[in-house]
Amino acid sequence: MNTLTSFERVKTTLEHMEPDKIPFYLGSAAVTDININALLSLRKYLELPETVTIKDKITQIGNIEDDLIERLNIDIKSV
């Protein structure tokens, strides 16, 4: 199977067909967000700039920035 774009990968999965790999998403829905401490640790591990911005002060949820999306090849991102 050819390498699919993120859109094609998600569409194929939603059509109950097998994509080239499992679609990956992080932080595109309230239940998949990441705590700022975990996000900071992940960014440090991936040797990305160790700065995070808070999306929600109460739950301490961090924003997923484009550099992390690109590094992890995330297929779905929030807009």
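These are my notebook entries on one protein chain, looked up feature by feature.

**Ground rules.** I am working with a predicted model, in which local features need pLDDT of at least 70 and side-chain atom pairs count only at pLDDT 80 or more, while totals for chains, interfaces and linings use all residues. Residues are numbered from 1 along each chain as its sequence is written, and side-chain values use heavy atoms, with hydrogens and water left out.

**Overall layout.** I looked up the secondary structure and found 3 helices and 2 strands, where helices (H or I, at least four residues) and strands (E, at least two) are DSSP runs numbered from the N terminus. Read along the sequence, these elements follow the pattern α-α-β-β-α. The C-alpha trace spans about 40 × 25 × 15 Å along its principal axes. For the accessible surface I noted about 5,900 Å², with 56% of it belonging to carbon and sulfur atoms; the areas come from the Shrake-Rupley method with a 1.4 Å probe, and for residues only the protein chains shown count as cover. Of the 79 residues in the chain, 27% are buried, a word I use for under 20% relative accessible area, with exposed meaning over 50% and partly exposed in between (1.4 Å probe, protein chains only).

**Salt bridges.** I counted 5 salt bridges, each being a side-chain nitrogen of Lys or Arg within 4 Å of a carboxyl oxygen of Asp or Glu. In one of them, Asp-20 pairs with Arg-9, and their closest N and O atoms are 2.8 Å apart. Asp-20 lies in the loop between helix 1 (6–14) and helix 2 (36–45) and Arg-9 in helix 1, so this pair ties together parts that are 11 residues apart in sequence. Arg-9 is buried, at a relative accessible area of 5%, whereas Asp-20 is partly exposed at 28%. I also noted that Arg-9, Asp-20 and Asp-75 are linked in a network of salt bridges.

I then turned to Asp-33 and Lys-55, whose side chains meet in a salt bridge at 3.1 Å, N to O. This pair links distant parts of the chain, with Asp-33 in the loop between helix 1 and helix 2 and Lys-55 in strand 1 (residues 54–56), 22 residues apart. Asp-33 is partly exposed at 23% relative accessibility, and Lys-55 is likewise partly exposed, at 41%.

A further salt bridge joins Lys-11 and Glu-15 at 2.8 Å, N to O. Here Lys-11 is partly exposed at 40% relative accessibility, and Glu-15 is partly exposed at 39%.

**Nonpolar core.** The largest nonpolar core has 9 residues, among them Leu-26, Ile-34, Leu-39 and Leu-68; such a core is a set of buried Ala, Val, Leu, Ile, Met, Phe, Trp, Tyr and Cys residues joined through side-chain atoms within 4.5 Å. I followed Leu-68 and, not counting residues up to four places away in sequence, found that it touches Leu-26, Leu-39, Leu-42, Arg-43, Leu-46, Leu-48 and Ile-74, contact meaning heavy atoms within 4.5 Å.

**Gln-60.** I found Gln-60 in the loop between strand 1 and strand 2 (61–62), where it is partly exposed at 31% relative accessibility. Leaving aside neighbours within four places in sequence, Gln-60 is in contact with Ile-34, Asn-35, Ile-36 and Ile-54. The C-alpha atoms of Gln-60 and Arg-43 are separated by 16 Å, the two residues being 17 apart along the chain.
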